[in-house]
Amino acid sequence: MKNQHRTKSFAKSFEQGLDSPRKRALSLASFLAIVALVASGCSNQVSETASIPDVEMTALENGVMSPVIPQNKLHGWSTAEDQLLRFENCDEWDYWWVYEGPAVSTVAAEGSGFPGMTISTEHYINNQHLDEDQDGILCFFENREKPTPESGSMQWLKAFDAVWSSLDSGKPSEESLDFASSPNALPEDTNIIRDGVEMALGAWSPYLNLEKPLYVTVVHPEDKDWFLERWEAIGGGGVHDGWFDDVSGTGGGAVGRNPDGAISMYFMTAEAFTPPTGVFDFYYHEVTHVFESQWNPPPTGPISCWTVEGPASFFGFSKADPSNREVSSSVLAAMRVDRADYLARYFEANGGLSEESIQEAVLNGMNSDDSCQFGAPYFGYTLGLFVAEKFLVDFGMDGFIALNKQKMQVSKSELPTSFKKAFGSEYEEWVSKNLTPYLLSEFKALTLR
Ligand SMILES: [Ca+2]
């Protein structure tokens, strides 16, 4: 369904098809437990480092020390020998890997200064020729200065403030839930999801006024018959009927409208991909989609790519730790650096990093494009994060509400009309005069090349 918002955010929440690495999703919520842990304190969390057990290490051909027993964390790629990725240069690598890293070991990851660093000893070894500066991390600012959140204009703090002054955590949810979980879903995982959803619904409650109960469905990969029965019983909406198979090996969430206008949320959970705890961006991300679905009827044509996953990503990361503003801003800051550098590299390798190439992607990218949600460069999650940010800088939360009320997701071709109704000004003028120069400036600043 075109109106389906799909997020695959659990640990190992990537499709691992033998022939389709491009299907890997980019939602980075999976490793935010690590981000928040590190971001929440600098010096007072040394004990976390000290708790890592000693591991036997050996020197690789390139001189980097590698654990004898492979370590893997938060990447989701198969480590079967015949499925290890191998690329000749970092531009190729980045196009497929998307995340920073991986590091060869936990120790190397901790030395990176980037809390979301993925780890894979096997993938690292297979590509060790790419680790030019021999810091044990692949294609991570090789031989160049690492940007910091302060490298850019810091305007993003205004957007972050807009989220925090609007979404007040700790409020009870006012929505009526029709909640169901499948027989094999672990009760503790179901409860984690329910608590996360209700918390995010509470924060969004000033802006939610659902006319019908919100259907929330938690399913386990062994319960397909149960899923199909439930899916049909609640109107066959929210996700398409192939969603179950798409995510049964990976986990994830999805939100969408039913034909009768009710909104459905689905979560795939299993022992191998348990729902996030400790950080909550995943739930805020999905509930942002609930808000969007409230105002946006089934689209009449292709939707602009940034309008779906972009705001959800920005709201999600901004509330990564709803009880701690500082941690949340650290998480968002790390994600910005990661994604800006990725986008800068992508544009440099594909037509150049310029206002023209950025503007083309913003104005013409569609949510249904493979490059938006389901394939590199995952513009919905990467570029969309920054478009949503600048939108919130310029128009604030009131503007986001206003544009949704004017059906920002009705179609790409009608977005300028929605924009004009909301703000009385031209969408394309905002894109060309305000947004694009900002994006170019941020990407350049955050890639430091
Ligand atoms: Ca390196």
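**Overview of the model.** Two residues are taken to be in contact if their C-beta atoms, placed from the backbone, lie within 7 Å. Helices (H or I, at least four residues) and strands (E, at least two) are DSSP runs, numbered from the N terminus. The model is predicted, so that local features need pLDDT of at least 70 and side-chain atom pairs count only at pLDDT 80 or more, whereas totals for chains, interfaces and linings use all residues. Residue numbers start from 1 along each chain, as its sequence is written. The chain's secondary structure comes to 17 helices and nine strands. Of the contacts in the chain with a separation of 6 or more, 75% are between residues 24 or more positions apart. The mean pLDDT, the predictor's confidence in each residue from 0 to 100, is 85 for the chain, and 87% of the residues reach 70 or more. Over residues 1–51, however, pLDDT stays under 50, and the model has 131 contacts beyond four places in sequence for this stretch.

View 1: A residue counts as buried if 20 or more other C-beta atoms lie within 10 Å of its own, as exposed if 12 or fewer do, and as partly exposed in between, with C-beta atoms placed from the backbone. By this criterion, 51% of the 449 residues in the chain are buried. A nonpolar core is a set of buried Ala, Val, Leu, Ile, Met, Phe, Trp, Tyr and Cys residues joined through C-beta atoms within 7 Å; the largest such core has 104 residues, and A200, M265 and V287 have the most contacts inside it. Helix α12 (residues 325–349) gives this core its largest share, 13 residues. When residues up to four places away in sequence are not counted, M265 touches V197, L214, Y215, V216, G238, G253, V255, E286 and V290.

**View 2: strand β7 and its two parallel partners.** Two strands are said to pair if DSSP finds at least two bridges between them. Strand β7 (residues 214–219) pairs in the parallel sense with strand β6 (residues 177–181) over five bridges, and L177 stands opposite L214 in β7, while A180 has T217 of β7 as its bridge partner. β7 also pairs in the parallel sense with strand β9 (residues 263–268), over five bridges, and there M268 in β9 is the bridge partner of V219. β7 is mostly covered, with six of its six residues buried: L214, V216 and V218 point one way from the strand, and Y215, T217 and V219 point the other way.

**View 3: the crossover between β6 and β7.** A crossover is right-handed if, with the strands pointing away from the viewer, the path from the first strand over the helix to the second runs clockwise. The β-α-β unit made by β6, helix α7 (residues 187–204) and β7 is left-handed.

**View 4: the buried side of helix α16.** In helix α16 (residues 415–423), the buried residues are L415, S418, F419 and A422. They lie on the same side of α16 because they cover an arc of only 100 degrees around the axis, the arc being that of the directions from the helix axis to the C-beta atoms. The buried residues of α16 pack against α15 (383–405) and α17 (427–447). Just after α16, G424 takes a positive phi of about 70 degrees.

**View 5: the loop between α14 and α15.** P377 is found in the loop between α14 (370–374) and α15, and a cis peptide bond, with omega of about 5 degrees, joins A376 to P377. Y378 lies in the loop between α14 and α15 and has a phi near 50 degrees, a positive value in a residue other than glycine. Y378 counts as buried because it has 27 C-beta neighbours inside 10 Å.

**View 6: F141 in the loop between α5 and α6.** F141 is placed in the loop between α5 (121–126) and α6 (156–166), and although F141 is not a glycine, its phi is positive, at about 50 degrees. With 21 C-beta neighbours inside 10 Å, F141 counts as buried.

View 7: K73, in strand β4 (residues 72–73), counts as partly exposed because it has 18 C-beta neighbours inside 10 Å. K73 touches T118 and I119, not counting residues up to four places away in sequence, and its C-alpha atom is separated by 8.7 Å from that of T106, 33 residues apart along the chain. H240, in the loop between α8 (224–233) and α9 (243–247), is partly exposed, with 16 other C-beta atoms within 10 Å.
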